[in-house]
Amino acid sequence: MGKGMGKGITADAAVEKYFANLKASTSYILGLLVGQGEFVVHAAMTPLKEDNPDGLMNEDDKDYILDHAEHLNRMVPGGLSVMGMFVVSPSHQTKESHMKMRRTMAAVENRVSEDRLWGFSEEDTNDRVMLHICSNTNKVTCWIMNIKEPSKSSKSATWSYLQWMTAFWPVAVCPMDIDLMFPIKDKTRHGLMQAMKDGMMRWAKKTEASVCLLNNKNLPAKTNLNPPTKRNNSQRIKIQGQIFIPAAGGKLGERPSTASVQVCSCILRLKGSLGCRAYMNPARTTAKTTTMYIKRDIIRSVYSSAKNFFEHLINDENSAKAFMGSQPLAKRVFFLVPDTGISLCDYILSSETEAAVQERVREWAGFTIPDGQLHITQQLVQGRLEWHQDSEEGMDSTWVPVYKIQQRRKITMGVAVASGVSLVACLIYSLFLEE
């Protein structure tokens, strides 16, 4: 069971400024809240539908709201999440409108959880925020909903603002190299996407089980990286992370896994380097929490890039021919949320311009990025589909590689250094691939 959120929700003063602009409208406006724990760092209005420019929403618009949640969820770095929703309307909240918010919040949680490849932790909260603002009277009503027990009544909570709340939140950064191979059995479009997600989930478990050094140290879980005696309100603490992932799954220290056999039509390989980032509020800067946020950002970043690659792949009618060579995955770009100390992110394809990212941010995150304010990470990940071609079918149905995994591990100076050698032997051809 996750920890309760408490009776008070605090939002950055930038959120108050954003709501002040929305209250000038006479429309029924719905949007999403981004934050951590009991802190809200950003609010983003769900874009108005072209066929309904006077406002949202009704039950028929739920899919449109869920699309917004999915896009915004891809834009949050480690430590942040889509934690709630808000409604701005000319009228006061009724029992019926409250129940409608609960149903929508549950649907939003279900949608964003589809791309959540990590396990639930005791550090996580079950609570989601529902905020209603009456634009005529400025009355603010805040509720807390337990997403794990949606049938229970919502609890009321206070709502307040804090100036420059996130200006000096500690930030953790972690560069990382990856070399991943996912076997793909089903060559259909659905099969390609499902195989990618299944492979990513297996890799996510290995990432969760990995060792993480913070500032070059393997620290005890309860170590406070930002103790009150060392806090400086004029300088942000920056934490350097480094991840060591087991080569063949499982937790460090376990016995090597036995050989495994997998039948597939082709192999997806992702190889390259990426940069990850996570934010922590000053009360949540233990080594355990910081490590968890870093790992989740790594998982989300790689999965978002891979998903983007596959969405592009399955939309290409000639995908078998178009993706025989290595293709660069979308690069991650960061941009500062106005009047805060927090950055969100997006992914830009090599064929896209900065203007395309600016348009997505304006639509899904609810603000405008000035020209030249996109910070592109040093991420360079190549995606490649490796398969056997035969005749006109593009992929021979008899292509059946067999994977035999051998692994050795040793522990040095408290840091696990894992190595693995993967031999891929074809039953039909003598072909070797490195994994």
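The legends below describe close-up views of a predicted model.

**View 1. Helix 4 and its buried residues.** Helix 4 covers residues 189–208, 20 residues in total. From its first C-alpha to its last, helix 4 reaches 29 Å, close to the 28 Å expected at 1.5 Å a residue. Its buried residues are G191, L192, M193, A195, M196, G199, M200, W203, A204, K206 and T207.

**View 2. The salt bridge between E122 and K288.** The structure holds 16 salt bridges. In one of them the side chains of E122 and K288 meet, at 2.7 Å from N to O. E122 sits in the loop between helix 3 (95–113) and strand 5 (127–134) and K288 in helix 5 (residues 287–314), so the pair ties together parts 166 residues apart in sequence. E122 is partly exposed, its relative accessible area being 49%. K288 is also partly exposed, at 35% relative accessibility.

**View 3. The salt bridge between D297 and R332.** The closest N and O atoms of D297 and R332 are 2.7 Å apart. D297 belongs to helix 5 and R332 to strand 13 (residues 331–336); the pair links distant parts of the chain, 35 residues apart. Both residues are buried.

**View 4. The salt bridge between E359 and R362.** In this pair the closest N and O atoms lie 2.7 Å apart. E359 and R362 are separated by about one helical turn because they are 3 residues apart in helix 7 (residues 354–365). E359 is partly exposed, with a relative accessible area of 39%; R362 is partly exposed at 44%.

Definitions and conventions. Residues numbered from 1 in each chain as written. Predicted model: local features only at pLDDT ≥ 70, side-chain atom pairs only at ≥ 80, totals over all residues. Heavy atoms only, no water. Helix = DSSP H or I, 4+ residues; strand = E, 2+ residues; numbered from the N terminus. Expected span 1.5 Å × (residues − 1). Buried < 20%, exposed > 50% of the residue type's maximum accessible area, 1.4 Å probe, protein only. Salt bridge = Lys/Arg side-chain N within 4 Å of Asp/Glu carboxyl O.
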